[in-house]
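Work through the exercises below with the structure open beside you. Try each task before reading its solution.

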Amino acid sequence: MTELLHPALLLVAAAAAVPLLPSRAGRALSVAAPLAALAVCLSAPHGSWAGMDFFGLRLSPWRADALSSIFGAVFSLMGVLGAVYSLHEKRSFQRSVGLVYLGGALGITLAGDLLTLFVFWELSALAAAALVFAGGRPGSGAAGMRYLMVHMFGGVLLLSGILLRAAGTGSLEFTSMTAELSSPASWLILGGFLLNAAVPPLGAWLPDAYPRASVTGAVLMTAYTTKSAVYALIRGFPGAEILVWLGALMAVYGVVYAVLENDARRLLAYHIISQVGYMVCGVGIGTQLALNGAAAHASAHIIYKALLFMGAGAVLHTTGKTRLSDMGGLWRGMPVTMGLYMIGAMSISAFPLFSGFVSKSMVVSAAGESLLSGPYLLLTLASAGTFLHTGLKLPYYMFFWRDSGTRGHEPPRNMLAAMGLAALACVLIGLFPGALYARLPFPCSYEPYTAAHVVSAVGMLSFTALGFFMFLRHLDPVPSMSLDTDWPYRSGASAFMRFLHGPLGRFADLLRGAVLEKLPAGLSMASENPRAFLRITALEARLYFSTPENEAVLQERLDAALEAYPGEVYRYRPVGSTVMWIILFLLGYLALYYLAG
Amino acid sequence: MKERMKKVLAGRLRASLRASLLFIILAEVMIVHYLHLGHPYFWFENFPGFASLYGFFSCVVIIFASKWLGKLFISRREDYYD
């Protein structure tokens, strides 16, 4: 019976119940279900349950160990925060989908085999796509479609890898595949994971979709898809060297795009890519400190990034604005939102005493200990960039800068409560990192608060701020959009449609005329009166190659032959051509059958 | 009168910010470079005030490199895909 307590099942059941319950009970359940999942994740003993055989392969949908517990617990906690943040929503659709999304993410973290992982992988992709579709922003529908197609492509990569692997090794167990990185199966699986972790060039779906989700939906999206992929990478590819550089470059890539971005939530979305870069790099380094760092940073990141998205979402909710070039001076109307946002900004910027400081530095230190000077410098550069944008640029242009005339006011109390809880978690993790460190997958003796570390961090951040204020006018937001690696499929898709409607359409018309009309007409004439058919064809051919002198004579003889043709001249009828096609296919099938037999 | 007060205050604020930046970099140089409380991973970290200088350098590089890339090919009109 304990199998029924599987958190993913609990949440999917709750998601089904939420829309059926009266509004108040539905809201209560949407908070209570993630709380229950949190309790199960924290209290379940380590081990594997609910195993079953599936066509000779062993499935283990519930495997609990230190790594899955910490991700499961943080995902559930995030589910609680997200549910509180969306309590004011009148419609239950997003509440319900949010629970399915959390269920998918928990299913991924608890999956002991790759097939279960795949099922929940797709479940969370569907739920996330539903959140984009329900976004209600301009372009939400198209962005949701793109999200769905990109993730279905990633799912196909993953599934083909899983099937190849199962065929090769006869096992579906989800363990480290770093040693087998030479096989196509592992590459396909890695590709699927990297797509969900938004590693460039596979990551453009993230800044495309997140800003188009609703205010409450985006908060959930920031947490689950990329971080469940980080979990899968930690579990599946620890120490895969390619990830070191991919991660380090990814951290810088997100920062570069953030400079150019004008949409507040898209700027934050680019910083998700940047932050996930630290985790991917940590997975690639693969030492105990680095993997602990990746897990710790994912945990801290989920909370502070949600807090930042909640802040930008609150501004969007009360002012309807999301472009920085339309904002300014909002601190007067919403000082509490600004304060809470700043706690998230301090955390992501890794200020001492905030959560990012105790988690990000683990990855950076691990790069140092492994003597990887390039990634070390790139990650430190990206840290400066993170503070520059989320800590300085965004709050400066949103809350100060100039008086844009937009006043804004504090958002509903439930939104502030969720932000307050998230901010509290950021500060608590920063002040007492021991509680987080104790839950990491490997024994951890890391000490973030050394005198040298604290002064270098403060020095780095203060001089970044100096640079910001010196070159402030270069950062003024301008309305623009940035080309990203989604250009091939966004512009490519419309070019493909133009090709379909234009040249290919004309070719198809030509082909239809020839195959469906001319060819059957000729065949039917030939079968009814072969002699007359030959004569007419010959006359037509001669007419085609005629000289001006004999053209009139030939035309006359052709008309006479057509006149004399016995029986009806063929006319195109759909039924007739359908029968012809059926006969052709049956003939083809017969031929194939004999050839193959 | 009010305008003058504002100016004086802004000047004071700027001066104190400058002083605190100086203090921070001096603290870093003292603690990391002379007291050897940290354990640098790489040779370049032995440069006095490395973290602060690198922070400033990063900020400038990020701003200008991104702006340059944006002009080069990244930034487009908002309705590019419409």
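This is a predicted model: local features need pLDDT of at least 70, side-chain atom pairs count only at pLDDT 80 or more; totals for chains, interfaces and linings use all residues.

Residues are numbered from 1 along each chain as its sequence is written, and chains are lettered from A and ligands numbered from 1 in the order in which they are written.

**Exercise 1.** Describe how α10(A) and α15(A) pack.

Solution. Step one is to find the elements: helices (H or I, at least four residues) and strands (E, at least two) are DSSP runs, numbered from the N terminus. Helix α10 covers residues 242–260 of chain A, and helix α15 covers residues 373–399 of chain A.

Step two is the geometry. Axes are lines fitted to C-alpha atoms, for helices over the stretch in contact, and angles run from 0 to 180 degrees between N-to-C directions. The angle here is about 25°, and the axes are 9 Å apart. That makes α10(A) roughly parallel to α15(A); angles under 35 degrees count as roughly parallel, over 145 as roughly antiparallel, 65 to 115 as roughly perpendicular and the rest as oblique. The crossing is left-handed, meaning that the near helix is turned anticlockwise from the far one by less than a right angle.

Step three is the contact (C-beta atoms, placed from the backbone, within 7 Å). Among the residues that make it are A:Trp245 and A:Val252 of α10(A) and A:Leu378 and A:His389 of α15(A). By class, this contact has 13 nonpolar, four polar and no charged residues. Ala, Val, Leu, Ile, Met, Phe, Trp, Tyr, Cys and Pro count as nonpolar, Asp, Glu, Lys and Arg as charged, and the others, Gly among them, as polar.

**Exercise 2.** Describe how α12(A) packs with α13(A) and with α14(A).

Solution. Start with α13(A), residues 335–348: it packs with α12(A), residues 288–319, at an angle of about 145°, with the axes 9 Å apart. The crossing of α12(A) and α13(A) is left-handed. Their contact includes A:Tyr304 of α12(A) and A:Tyr341 of α13(A), and its residues divide into ten nonpolar, four polar and one charged.

Next take α14(A), residues 355–369: its axis comes within 8 Å of that of α12(A), and the two cross at roughly 155°. The two helices are therefore roughly antiparallel to each other. The crossing of α12(A) and α14(A) is left-handed. By class, the contact of α12(A) with α14(A) has ten nonpolar, seven polar and two charged residues.

**Exercise 3.** Which peptide bond is cis, the one from A:Pro200 to A:Pro201, and where does A:Pro201 lie?

Solution. The bond from A:Pro200 to A:Pro201 is cis, with omega near 5°. A:Pro201 lies in the loop between α7 (184–196) and α8 (205–209) of chain A. A:Ala198 is found in the loop between α7 and α8 too, and its phi is near 60°, a positive value in a residue other than glycine. Most residues other than glycine have a negative phi, and most peptide bonds are trans.

**Exercise 4.** How many residues does each chain give to the contact between chain A and chain B?

Solution. Chain B gives 36 residues and chain A gives 39. On the side of chain B, the largest share, 18 residues, comes from α2(B).

How values were computed
Two residues are in contact if their C-beta atoms, placed from the backbone, lie within 7 Å.
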